[in-house]
Each structure stands twice: as C-alpha cells, then as structure tokens.
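This report goes through one protein structure by topic.

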Amino acid sequence: MDKDMRIAKAEVFVHSPGRNFVTLRITTEGGLVGYGDATVNGRELSVASYLRDHLAPMLIGRDAHNIEDTWQYFYRGSYWRRGPITMTAIAAIDMALWDIKAKAANMPLYQLLGGKSREGCLAYGHASGREISEILDSVREHMEKGYRAIRVQSAIPGLNSVYGVAASANAAAGAGKGKGASSARYDYEPARRSAVPVEEEWDTRAYLNYIPKVFEAVRNEFGPELPLLHDAHHRLTPIQAARLGKSLEPYDLFWIEDVTPAENTDAFRLIRQHTTTPLAVGEIFNTIFDYKDLFEEQLIDYVRSPVSHGGGITPLKKIFDYAAVYQIKSGVHGPTDVSPIGHAASLHLGMAIHNYGISEYMQHSPDTNDVFQPEYTFTDGMIRPGSSPGLGVTYDDKLASQFEYEAAYLPVNRLKIDGTMHDW
Ligand code: GCO
Ligand code: MG
C-alpha cells in the first residue's frame, strides 16, 4: 500500500448552514482530503452516529484507493445491509474516497468515471404557487433564471398546505443569511425547525380534479415546448396514479414522479397499462434491488436515486448501467437536503454516463454555499462541474460550527376528511 494513501482520519460534522447537513471528511496520511454527504433529512443524527461510532474507526489504516473493496466491506460486512441510514453512511465514505482518488490523479472526478459524455447536465427547477396566476409567475421567474425544464406544483383549493408549494414568496431564491432567517430558507418541503413534525392535510379527490387544470393553464401560457414535470409524492393508489397519468397526457409531461408508494413494485404494472406519461421513481430507494423488477419489466423511465441515498458513486454507476439496458435514464434527486457534496457527486456521475436524463436542481442558500463553496455552476439551464481535481466542493468547518444543528422534521400528512395518517 502507498503509505500516503492510508486513511489517517475520518471526521463527522453535523451543522446547519441554511439547513441541517451531515458531512464526512476523510484525510489520508499523505494529506489528501475527501468529502462525503451523509445527510438524511430529519434523521441526521442517526447517520452521524452510524459513521462516527461504527464505521469511522474501521476506516483508519485502510487503503483509500480500494473503493470497491471498502464499499463491499461495509455493505456485506455489516450483516445488516440496506436501509437509508446504512446506505447513506456507506455512500458518504464512497464519495469521499472517489474525491480522494480524483485528487490523487489530479483530475476532476468525471474523468475517472469515463470522461465527459456531454457539455453540462440539464436541470429542472421548482415552480409553484397558491393560485394559477402565481404558478404562471413562478414558471416565468424560473425561465428568467435560465431553467429549461420546470417542475410545477400547486396548492389545492380547500387544503391548507400541500407538498411542493413554496412557503413564502422569497423561498424560491433560497433567501436568508445567518440565524433567524430559517423560515424562508426552509422553502418548499418545508422541513420546519420544530421538535415535532407539522401536520398537513390531504384530499386525493380534490387533487386529481385540480391538477389537470393547472397543467392546462401552464401549457396555454407557455406553449408545447417547455419540458414540465410533476411530483405526486407517493400519495396515490395505483389506479389513482393511472388516472393522473392519463389525465395529464394532453399536456405532454416530461415525467410524473413518485405517483404511488413503491414498496410494492407490482403497482407499476397496473399504472403502465393505462398511461404513456413517463414515470420517475427512486428518491427513497437505496439499492439496485429496489429497481430490479421495475427495470426488467420496463415499468419506469427515470431513476431518481441521488449518490448520497443510493449508496454512493460505486453502486449508482452500476444502477445506471443496468438501467441503460432498458433505455431507462437518470433523473437524480437534487433537493436542498442533498448537500453540495452530494450534488457534486451526482453531477460528476451524470457528466460521465451515457444514459443521463435530467437532474433536479434546487439552489442552496447563501449560508450553505459559503460553507461548502461548490465549484459547479448553473448557466443556461445546465449544471456544470468545475475543473479542479476531485468533486470540486470543500467544507469550511470553522464557518459551519457557527450554525448549530437544530432538530427539523419533514411534515406528516393526514386525510382532511377524518384525520387518517396518509403518505406525505
Ligand atoms: C423532491 C423530493 C423532496 C423530498 C425531500 C425529502 O422531489 O425534491 O420529493 O422534496 O420531499 O427531499 O427530504
Ligand atoms: Mg420527489
């Protein structure tokens, strides 16, 4: 083993510059430093402990070059394989090791993954509004910012707050600097800072009746060319999902996402029989096995796993290659709860694979960007990596330590009619 590549330190940071992030920093004896994103929104401390208490001690002394072996060591070697906490912890290690290897090779990471397959990675932003006129304004603002593909989410008449609708007018800009600006910064999801999740309400019937009207208005205003996307956030039964897909066919969506909970992948067989609207799934998947049946029966069109929740660059490359056999493309999850390190990792992989589709790109707050200093840029609707070796992201731990972790949870959802818990 090259002594310089021996892992000397593995540190875990949990801070909240703009929102909570868990960050892994691995340092080799030769002084190379690699970063990994270990953030699971609302469950941050469990990944931090998994890494700090269990995996970090086993990393010391290992050869940072042996990425595949290290991945298998933690995946097979834990016995308790799979699951979001385990896989995000392993993903952070994998990202950090690829970052180190690319720095050792003195190349931006995409070079090691096969080099550039494209000039940049097409990205979509999130337009939303409480009324149709607000949605149209929001789409227009996104186009002005350069987006060439836009996800559209809408409030539903009669429901107090709905997933994907910006909580405040300045949310879209990721506004807010320093402490106290948190409500605006927790934009769309909204992972509000509170000891318990806030409760939202839901009515599937109202949603299914209203959403086609939203897309009709957007198409009437912006014409047929603009790629439009929509996230149903796991709220529908298979037959309701089929109806949504069918009712949106006249508006030619790029995709609908998470139309039904995907634990039972058979559901997609039914949906597929009824609609040609493309389907995207996988932001809460974490292994290749979650995708196996969906791929082999060609039941979906886009893979949503980001590097951070999909177990790392090493397994996600395999997932994308497997998807390519079935002409399925990438459509990676890129919300603000994926840190700039996670975004950068997905971006380098997206630059290299042939079956790239699109990426979600929610822009981080200024506080987040100050701490991570991402080198990637967003111009002309595309994210592009920089040219420095590795992932092109860093972590200013001194600055980060000014932003203390505070518990923040995603909302929960109850049916409006009787308060039954529903998928959020
Ligand atoms: C998306 C997602 C997010 C998630 C969030 C959970 O498509 O961007 O659905 O909004 O809800 O990332 O932490
Ligand atoms: Mg989603």
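## Contacts of ligand 1

An oxygen atom of ligand 1 lies 3.3 Å from an N or O atom in the side chain of Arg-151. A polar side-chain atom of Arg-304 is 3.0 Å from an oxygen atom of ligand 1, and for the side chain of Asp-337 the corresponding distance from an N or O atom to a ligand oxygen is 2.8 Å. A polar contact here is a pair of N or O atoms within 3.5 Å; within protein, one must be able to donate a hydrogen and the other to accept it, and residues adjacent in sequence count only if both atoms are side-chain atoms. There are 15 residues around ligand 1, and Tyr-163, His-233, Glu-283, Asp-337 and Glu-360 come nearest; a residue is near a molecule or strand if one of its heavy atoms lies within 4 Å of it.

This is a predicted model, in which local features need pLDDT of at least 70 and side-chain atom pairs count only at pLDDT 80 or more, while totals for chains, interfaces and linings use all residues. Residues are numbered from 1 along each chain as its sequence is written, chains are lettered from A and ligands numbered from 1 in the order in which they are written, and side-chain values use heavy atoms, with hydrogens and water left out.

## Gln-153

Gln-153 is found in strand β5 (residues 150–154). Helices (H or I, at least four residues) and strands (E, at least two) are DSSP runs, numbered from the N terminus. With a relative accessible area of 3%, Gln-153 is buried; buried means under 20% relative accessible area, exposed over 50%, and partly exposed in between (1.4 Å probe, protein chains only).

Which side chain does the side chain of Gln-153 contact? It makes a polar contact with the side chain of Arg-151, at 3.4 Å. A polar atom of the Gln-153 side chain also lies 2.8 Å from the backbone nitrogen of Asp-231.

Glu-257 in strand β8 (residues 255–257) and Glu-283 in the loop between β9 (279–281) and α10 are 26 residues apart, a pair that links distant parts of the chain.

Glu-257 is buried, its relative accessible area being 0%. Glu-283 also counts as buried, at 10% relative accessibility.

## Aromatic rings

The structure holds 19 aromatic pairs. In one of them, the ring centres of Trp-202 and Tyr-207 are 5.0 Å apart and the planes are at 50°, so the pair is tilted. Rings of Phe, Tyr and Trp (its six-membered ring) pair if their centres lie within 6.5 Å; planes under 30 degrees apart count as stacked, over 60 as edge-to-face and the rest as tilted. Trp-202 is buried at 2% relative accessibility, and Tyr-207 is buried with a relative accessible area of 4%.

The rings of Phe-295 and Tyr-322 are edge-to-face, because their planes are at 85°, with centres 5.1 Å apart. Phe-295 in helix α10 (residues 288–296) and Tyr-322 in helix α11 (residues 313–325) are 27 residues apart, so this pair too links distant parts of the chain. Both Phe-295 and Tyr-322 are buried. Arg-235 lies over the face of Trp-202, at 4.7 Å from the ring centre, and the charged end of Arg-62 sits over the ring of Tyr-73, 4.3 Å from its centre. A charge sits over a ring if NZ of Lys or CZ of Arg is within 6 Å of the ring centre and within 35 degrees of the ring normal.

## Strands

Strand β2 (residues 21–28) and β3 pair in the antiparallel sense over five bridges; two strands pair if DSSP finds at least two bridges between them. Thr-23 stands opposite Asp-37 in β3. The two strands form a hairpin with four residues between them, and Gly-31 in the turn has a positive phi of about 95°. Strand β3 (residues 33–37) is largely enclosed by the rest of the structure, because four of its five residues are buried.

Elsewhere, three strands form an open sheet of mixed pairing in the order β6-β15-β16. Its edge strands, β6 (199–202) and β16 (421–422), each pair on one side only. Strand β15 (residues 412–415) runs antiparallel to β16 and is joined to it by two bridges, and Asn-413 stands opposite His-422 in β16.
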